Each structure stands twice: as structure tokens, then as C-alpha cells.
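Here are my notes for you to read with the model open. Take the points one at a time and find each spot on screen as you go.

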Amino acid sequence: METKIPYKIYLAENEIPTQWYNVRADMTNKPAPLINPATGKPLTHDDLAPIFCTELNKQELDNDTKWFDIPEEIVNFYKMYRPSPLVRAYFLEKALDTPAKIYYKFEGNNTSGSHKLNSAIAQAYYAKKQGLKGVTTETGAGQWGTALSMACSYFGLDCQVFMVKCSYEQKPFRREVMRTYGANVTPSPSNTTNIGRKILAEHPDTTGSLGCAISEAVEAAVSQEGYRYVLGSVLNQVLLHQTVIGLETKTALDKYGIKPDIIIGCAGGGSNLGGLVSPFVGEKLRGEADYQIIAVEPASCPSFTRGKFAYDFCDTGMICPLAKMYTLGSQFIPSANHAGGLRFHGMSTTLSQLYHDGLIEARAVEQTSVFAAAEQFARVEGILPAPESSHAIRVAIDEALRCKETGEEKTIVFGLTGTGYFDLVAYEQFNNKTMSDVIPTDEQIAESLAKLPKVPGLE
């Protein structure tokens, strides 16, 4: 076993990034603009003003500024849990008997249990700076809602969370953490909004989706004075904030002269994946280096691998802007599985463009195989991973086993986005062998895609 590379590569406090990296500045083919569905024209700052905070609007629409300074108050908050360790998975390598070298960037070392706090504290900071009373949001598995409730508590903001109904029921303790930090948590779809009532009338037995919860959160924000909507994934601003993950990863690798061959991240809306891979994609775009970058999504909600690259609503209620992305259709309701925060019908516009241009690839994996990988990882590496993170673990193991077959000594890096200690209902089902794989049929996806919005000039 190599001894010159420690089990955990820690950075010093002064190596926490002080700027966020905007990969769009290096992209030749920029992400397509968000479209106002009422006018069919690209959204402006004025269009977004009633929805998002002013400074976040600027970050959202800026395709040219490469580096954004991180405000000192946010950097100081980061110091409570950052920098996060880059861990060499020696025990997993040994268990797999692979010549591959495996590293994972662990983002679960904070109370929210995930990477989501990196953007939550930034969005709460800008809301407070603007003088707002509070914010509204949605959450799938509950990691984003937990992170945002913490951030809002820190700044004294009201926090209203619409939690996807199946997760609300499966993960009551995640819900209680949010309430402990002062958040109001509502299962979605609900009877508290017009959109929620409409969805329940049409689908009374629905288990909900992120698309449903987004619609309710946006309606709640625009109908209350002094409130704005914040989102934990998908948006350009969120990917920007999450680049602290990739920037720290690259600094840690560079310290020991490590060059990864494969970089893997789970993919739902794009926050973790974009945050991890953006600095490496930037090198590819500038011709400085090359990497194999793999996005891993659930086979139950395969927007990259089975979706269509088209303009679509980001929400089921069809009140949000149109985004050009890989989508299964805003009316697609995934099965009530344990992919949690990966149960979104679309993908980040930035990542969608990168995927369309061949700069990243994608794989869809089934739920039971994901939990098999999670269990194997937990038994040898000592961390119980979140279901979302375990999608990346699944493919990291697959690639390491492929190296075993070929004898290649590749270096694999993956993002361990968070811990799974609030996901024990899912682990219970896996251990009891009652977990199944629900994969949408071609007909189900086609039916949803047939409802894509028809906007002149945007087909």
C-alpha cells in the first residue's frame, strides 16, 4: 500500500476558496437562456426580480464573469465545516482487489449532512442583505431543506419548505431537523396553494415530485410581501456556489501531484455534479487537460439518458420560466423510490449543454444496485452514504472493477455528497429484500414529452 498519500487529504483554512468559478465563462456554446413563457423572450433581471434575490439574479444570468468573489461573511461561515476532506478509499480498493486508485470528496461533515449548505448560506446571505423577511423553497430528500433552515436560522430569516410528500413520510426525522432550526415544513402537493390544490384534484394519490414542490414554493414566494424563492439545485447560481467542492478537490489533488482519469458525480438537478466537475470541465474547455466525467442518475428518473434536449417548464405547475435542458417533461412524476433529491424531471441548463456537446457522459443505474454499492461502501469505509451519493459509488465501483479486468491503474474521484442516517427506511427495505426497481416505460416517457410546451421558435 502506498504510504505517501494519506488516507485523508486536508487543506488548511486559508485554502478555502475565496472565489466561485463560473464554468459558463469558458464555454463556447453557452447554456440557452431562460425564457419567459408569457412572452417567449429571454428572461431579464426585471422578470426575475419578483422571484429571486437581486444579487442572485445577476449571478444567474452572467455567462461571462469567470470568478465571483465570495463575501467574507460566507467564507467565515464556510470555516465551520470547510475545507472538507478528500479521502483515499484504501479499504474499498482492497475489498475490490482493484489496481485503481479511488478518492472521494466527503461533503457530509456538517449538521445538514450534505453539500447543500454551500449554496444555502450564500442564498440566505443575499436575502438578508436585501432586507427580506424570509424565503420559500422545495426539498426532495430533505437535505436542501435542512441546509436552508440552518442558513436562515443563522441570519434570522423565516424559512418555508415544501417537502415532496413521499420523502416527508419516509424521512420524518429529516423533517424534524428542519423544524428544530425554525422552518415551517409542508408536504407537497398540499392544500395551502392554488397549484397544490390543482395537482391534488388531478392526481389525488400522487406521492409528489420536486416539480410539484417547486410550483408551490414559487407561488408562496410571489404571494407574500418580503419573500423570495430559493432553489437548491438546477440553477446556474447554485452550481456557481457549489464550485467550492471542485476547487478544493483540485487543490488537494494538486498537492500530491494526482491527476484523475475519471470523475464521477450523482445527477438529479445538477448541484453536486456541477460543483464537483466544473473546475475540471474548465480545463477541458481550455485544452489544458482531459478527463472522463460521468454523471450518474437513477434509472427511475433518467433525464439525461432517456430525456429530450428541449425547452420545458422547471415545475409541474408550469408557472416557472422555460429552460432548455434534458427533460422527461414537467408532467413526469417519478416513482416513490429512494433516489430522493435525484427525482427531478430535468437537468441544469449548463450541464445539459455540456452533455449535449460531449464534454460529460451519463449513466442510469437501478435502485437495488445502488443500495448494494452503498452497503459495500459502508462496510469497508465506515460511512453510511446517502442514497443520492450512492449512485456515484455504484459507478465508481463499476469502473474500479473494470480496471481489475483490464489491469489499468486509473485514478477515480467521486463526490460523496452526504450521509444516509436519515434514510434508514430505505436501508430497511433493502435489507428486508422488499426494495424493487421501478423503471418508466418508453410509453410513459413519450406521454410526458408529448406535453412539452410549444413556444414559437423554441422547438
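1. Start with a charge over a ring: the charged end of Lys-324 sits over Phe-309, 4.9 Å from the centre of the ring. Arg-175 does likewise with Tyr-168, lying over the ring's face at 4.4 Å from its centre. For this label, NZ of Lys or CZ of Arg has to be within 6 Å of the ring centre and within 35 degrees of the ring normal.

2. A quick word on what you're looking at. This is a predicted model, where local features need pLDDT of at least 70 and side-chain atom pairs count only at pLDDT 80 or more, while totals for chains, interfaces and linings use all residues. Residues are numbered from 1 along each chain as its sequence is written, and side-chain values use heavy atoms, with hydrogens and water left out.

3. The structure holds 20 aromatic pairs; rings of Phe, Tyr and Trp (its six-membered ring) pair if their centres lie within 6.5 Å, and planes under 30 degrees apart count as stacked, over 60 as edge-to-face and the rest as tilted. Take Phe-77 and Tyr-154: their planes are at 70 degrees and their centres 4.9 Å apart, so this pair is edge-to-face. Phe-77 is in helix α3 (residues 72-78) and Tyr-154 in helix α6 (residues 143-155), so the pair ties together parts 77 residues apart in sequence. Helices (H or I, at least four residues) and strands (E, at least two) are DSSP runs, numbered from the N terminus.

4. The cut-offs are under 20% relative accessible area for buried, over 50% for exposed, and partly exposed in between (1.4 Å probe, protein chains only). Both rings belong to one aromatic cluster, whose members also include Tyr-78, Tyr-81, Tyr-125, Tyr-126 and Phe-155.

5. On to the sheet. It is open, with 7 strands in the order β1-β6-β7-β17-β12-β13-β16, and its pairing is mixed. Two strands pair if DSSP finds at least two bridges between them. At the edges stand β1 (8-9) and β16 (361-365), each with a single partner strand, so one side of each has no neighbour in the sheet.

6. β12 pairs with β13 in the parallel sense over 5 bridges. Ile-262 has Gln-292 as its bridge partner in β13, and Ile-264 stands opposite Ile-294.

7. Strand β13 (residues 292-298) also holds Pro-298, which is buried at a relative accessible area of 3%. Pro-298 and Glu-388 are 90 residues apart in sequence, yet their C-alpha atoms are 8.7 Å apart in space.

8. On a 1 Å grid over the protein atoms alone, a cavity is a set of points where a 1.4 Å probe fits but cannot get out; a pocket is an open set with protein on both sides within 12 Å along at least five of seven lines; and lining residues have an atom within 4 Å of a point. Grid points are joined across faces, edges and corners, and a volume is the space filled by probe spheres set on the points. The second largest cavity holds about 140 Å³. It has 13 lining residues, and those closest to its centre are Phe-52, Tyr-229, Leu-235, Cys-320 and Pro-321.

9. The peptide bond from Arg-82 to Pro-83 is cis, with omega near 0 degrees, and another cis bond joins Ser-188 and Pro-189, where omega is about 5 degrees. Lys-433 is not a glycine, but has a positive phi of about 60 degrees; at 75% relative accessibility, Lys-433 counts as exposed.
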